[in-house]
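Subject: Handover of a structure for your review

Dear colleague,

Please find below the sequence and structure that I am handing over to you. A short account of the findings follows.

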Amino acid sequence: MNTIPKNLSYLADYLGLRLQNAFLNFSELQQIHCQILTNGYFHSNSLVTNFLSSCFRSQKSRYASVFLQNLPGAEPSLWNSMIRVSLESGVCPDFLGFYNGMLLNDVAPSKTSFSLILRSCAISREAQLGEAFHCQILKMGFEFDMILQTGLLDFYAKVGDLRCAQRVFMEMPRRDVVANNAMISALSKHGHIEEARNLFDNMTDRNSCSWNSMITCYCKLGDISSARLMFDGNPVKDVVSWNAIIDGYCKSKQLEAAHQLFLSMGSARNSVTWNTMISAYIQSGEFGTAISLFQQMQSENVKPTEVTMVSLLSACAHLGALDMGEWIHGYVRAKRLKIDVVLGNALIDMYCKCGNLEAALDVFHGLSKRNIFCWNSIIVGLAMNGRGEESIVAFTAMEKEGIRPDGVTFVGVLSGCSHSGLLSAGRRYFSEMLGVYCVEPGIEHYGCMVDLLGRAGHIKEALELIRTMPMKPNSMVLGSLLRACHIHNDTKLGEQVTQQLLELDPCDGGNYVFLSNLYASLNRWDDVKICRKLMNQRGVHKTPGCSSIEVNNIVHEFVAGDASHPRFTEINGFLDEIAKQLEGLGHVPNTSSVLHDIEEEEKEGAIRYHSERIAVAFGLMSTPPGRTIRVVKNLRTCSDCHSAMKLISDAFNREIIVRDRKRFHHFRNGSCSCNDYW
């Protein structure tokens, strides 16, 4: 501890400054304790309160309790202050210890203390404890205090006991606007819209909270028309009113109406307004719009919150927008935002889905606390990047920390085994799920196992697993089996499985495409025509390949065969140059994925315009030498593009990272991280 001044005139000021917001060790607390007693400072309520608060900050709540109980002539305000401090610390036993100490020392709790206790019980949903304090309030003679009665009403509503909330409300001798608002909120929360509306209509005095409670009530019930009528009739609109109706439109998937209100707010928008719109666009899959809105938010000097960061990181993860994700991480660090498990998990997920596992691991190991979601993100991230053995190491480390795996954990572990060809490990973990870890295998886990067995060539075992499953196979399970048939050229079984998939989901264009490809590979062109005819009759369309790449914080999207990009002429010329280089390196295009009955030269042209190749060409043109190219594709990459990417990475001395629908491919120096096991 720093040297304590010997001049008593400065000692009190020194101790006060020393205690403010400080984390002290036990020895330092004891020294200050001695100074307070020996110099008679125990009569200074502010100094003693600071000392007791410091005990809580330093996690010495028991020491604080003993100090206060032995303090000569401790005033009631000190006890009530410590009730507040202990409740703010969130440690329930400490708060009860101080409360019981008050009663033992014949100190009556204040109304403020009771209000804080009720609020804490409501937040933590401690129903029985709150009911006990209801009795204490009555014993202390506060049964007609309007503030405490409103607090009781709110408590009962928040712990789900509407009957008791209504009883408290009816027994109130008089009710002000706050009490009425609390009752409207309680009725709304429990879906009693008509009773809430009747109470609202009969109120002689309404404030903005009254109107906002009704707007929120209608929005939660999905009655956006009534919510809008209430909003338009509100004579005292505030930012909460606007945010409530905008949130209602967002949750009703009416983003255009929400955006119009958002624009109408003008400068009245706050961080909640921006967060609501950004989150809505992300949930609707409009990730680019969400990022653009954030950039507008920045230009208007609105301070983002942790909630903003989490939403944006989700968008970056989906788009593979690493540059923007790194900027957000840098902003979080610069503004010293707290990286808790929620924000930390969002960062881990973003880095994993952008293919930067080293950064994801840095964030993961830097977290002071890690929950199941953080562990799952890193296990799944390692798996989808083809690092199955490391995902198993992470699983073992999670167990050592005493965290029980769940279904998502096993999806990560099993998919990691599948992508890395770890057959025996996958079998072992699947067999141990229920018996060792008490996790019931779901359809997704069976899908992982079928994928694992099928890739490894154990198609008969995969078929037997499907036959003995406790549920009917879905498209994911059959799709895994179908991919195995494709890998191992089992056309007969592949045709059977595809027919099953068509019966299961006749609207999935991918199944028709696979069957057409299969017939095309066998030169069964009449069957190809039948597939096309079926697609036309059923109105089924093939999902076009779409790839995106981020360059200078702008996400560019390319669709297979699409020439709409403003720089397409340059891109097309560059694709010609790439094709010549690949030909010089001995690359022979694999046109088996092109189902059309056309000349081989035309097939080669069709493959060249696959979306990931266009995106990679644009990336090579638009970024400096040595810069990693990162592409996200909505479909599984074809075998010819996979072969071409290996050669392109070597020819241009670039690392190319492609995230397709199933996994990551890290192309470096002419090889891929998947070792062609995909």
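Predicted model: local features only at pLDDT ≥ 70, side-chain atom pairs only at ≥ 80, totals over all residues.

K353 counts as partly exposed, because its relative accessibility is 31% (buried means under 20% relative accessible area, exposed over 50%, and partly exposed in between, with a 1.4 Å probe and protein chains only). Its salt-bridge partner is D349, with 3.3 Å from N to O; a salt bridge here is a side-chain nitrogen of Lys or Arg within 4 Å of a carboxyl oxygen of Asp or Glu. D349 is partly exposed as well, at 24%. Both residues belong to helix α21 (residues 341-353), where they are four residues apart, about one turn of the helix. Helices (H or I, at least four residues) and strands (E, at least two) are DSSP runs, numbered from the N terminus.

Residues are numbered from 1 along each chain as its sequence is written, and side-chain values use heavy atoms, with hydrogens and water left out.

The structure holds 22 salt bridges. One of them joins R387 and E390 at 2.8 Å, N to O. R387 is partly exposed, with a relative accessible area of 24%, and E390 is partly exposed at 35%. Another links E612 with K633, at 2.8 Å from N to O. E612 lies in helix α35 and K633 in strand β3, so this pair ties together parts that are 21 residues apart in sequence. E612 is buried, with a relative accessible area of 0%, and K633 is buried at 8%. Salt bridges that share partners also join E358, R387 and E390 into one network.

Strand β3 is part of an open sheet of six strands, in the order β2-β1-β3-β4-β5-β6, with mixed pairing (two strands pair if DSSP finds at least two bridges between them). Because β2 (554-559) and β6 (671-672) stand at the edges, each with a single partner strand, one side of each is left without a neighbour in the sheet. Strands β3 (residues 629-633) and β4 (residues 656-659) run parallel and are joined by four bridges. R630 stands opposite I657 in β4.

Helix α35 (residues 611-622) lies across β1 (546-551), β2, β3 and β4, at about 15° to β1. Axes are lines fitted to C-alpha atoms, for helices over the stretch in contact, and angles run from 0 to 180 degrees between N-to-C directions; contact means heavy atoms within 4.5 Å.

Yours sincerely
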